[in-house]
Amino acid sequence: MDLFEAMRGRRSCRDFLPAPVSDEVIDKILEAATWAPSPLNTQPWEFFVITNRQIREKIFTEADRCRLWAFEKSGWKWLDSYDVDFVKEAPAMIAVVGDPKKTGVDMFMEEGNMGYQAACAAAIQNMHLAAYSFGLGSLWFTLFDKKAIREILGIEDTKVPLALVCLGQRASDIREVPRRPVKDKTQYLR
Ligand SMILES: Cc1cc2nc3c(=O)[nH]c(=O)nc-3n(C[C@H](O)[C@H](O)[C@H](O)COP(=O)(O)O)c2cc1C
């Protein structure tokens, strides 16, 4: 698949069919993740592939609790009606877990500790593009309490669960999400 077509065509999916994702496809999506760049090639990521229904249910319960907490904290109306059922409906989910120690020279910088997160974000985007190339829908999901996800998945305290990538076949058509024109976002210093 043409890379630009994948970047243009991938849109977040929040509506999945129950059909399982094959191990071969999951393996390719994980391989795509590991080709992402990282500070000093530290490869600060680990992956937890979750297909077990009980674990998905636990993550859903936790995500919904976090949604309600965020609604109370922010008062943002959309959070009241935001349905996170896709967390249990997606047949596969990959937790991307980062290691803050593997952040490169960034650890000495004022803002510090961003390098490992940036690398994991690059890995996550590779996963989305790979999923799209296999005809799958995917979602970058972050509305969860890191401590709770650590407990559910058995992740050590020193590592950070940064995202859950939900994967599966789309149950509905792609919803177009617009972008602002590039020129509104760009300055040319010629
Ligand atoms: C760091 C990050 C966190 C995100 N977290 C969530 C999330 O918790 N729930 C969700 O539904 N979408 C989440 N998204 C997806 C965005 O809402 C989505 O990418 C954006 O609205 C643009 O839509 P598109 O992906 O279809 O182009 C997240 C995206 C990023 C990059």
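Strand 1 and strand 2 (residues 92-98) pair in the antiparallel sense over six bridges. Strands here are DSSP runs of E with at least two residues, helices are DSSP runs of H or I with at least four, and both are numbered from the N terminus. Two strands count as paired if DSSP finds at least two bridges between them. One of the positions in this pairing is Glu46, whose bridge partner in strand 2 is Val97. The model is a predicted one: local features need pLDDT of at least 70, side-chain atom pairs count only at pLDDT 80 or more, and totals for chains, interfaces and linings use all residues. Residues are numbered from 1 along each chain as its sequence is written.

Strands of a sheet pair through backbone hydrogen bonds, either parallel or antiparallel.

Further along the sheet, strand 2 and strand 4 are joined over seven bridges, again in the antiparallel sense. Val96 has Ala163 of strand 4 as its bridge partner. Strand 4 also pairs with strand 3, antiparallel and over five bridges. Here Phe141 stands opposite Leu164 of strand 4.

Strand 4 is mostly covered, with eight of its nine residues buried. A residue is buried if 20 or more other C-beta atoms lie within 10 Å of its own, exposed if 12 or fewer do, and partly exposed in between, with C-beta atoms placed from the backbone. Val165 is found in strand 4 and counts as buried because it has 23 C-beta neighbours inside 10 Å. Leaving aside residues up to four places away in sequence, Val165 touches Met93, Ile94, Val96, Ile124, Met127, Ser138 and Trp140. Contact means that the C-beta atoms of two residues, placed from the backbone, lie within 7 Å. Val165 and Val87 are 78 residues apart along the chain, and their C-alpha atoms are separated by 9.5 Å.

Read from the N terminus on, the elements run α-α-β-α-α-α-β-α-β-α-β. In the loop between helix 2 (23-34) and strand 1 is Leu40, which has a positive phi of about 55° although it is not a glycine. Leu40 counts as partly exposed because it has 13 C-beta neighbours inside 10 Å. Asn41 is found in the loop between helix 2 and strand 1, and has a positive phi of about 55° although it is not a glycine. With 10 C-beta neighbours inside 10 Å, Asn41 counts as exposed.

Asp173 lies in the segment after strand 4. Asp173 is exposed, with 8 other C-beta atoms within 10 Å. Between Asp173 and Phe134 there are 39 residues of sequence separation and 16 Å in space, C-alpha to C-alpha.

The model also holds a ligand, and the residues around the ligand are Arg11, Ser12, Arg14, Leu139, Trp140, Phe141, Thr142, Leu143 and Val177. A residue is near a molecule if its C-beta atom, placed from the backbone, lies within 6 Å of it. This shell divides into five nonpolar, two polar and two charged residues. Ala, Val, Leu, Ile, Met, Phe, Trp, Tyr, Cys and Pro count as nonpolar, Asp, Glu, Lys and Arg as charged, and the others, Gly among them, as polar.

As for the protein as a whole, 28% of its 190 residues count as buried. Of the contacts with a separation of 6 or more, 80% come from residues 24 or more positions apart. Along its principal axes the C-alpha trace spans about 50 × 40 × 40 Å.
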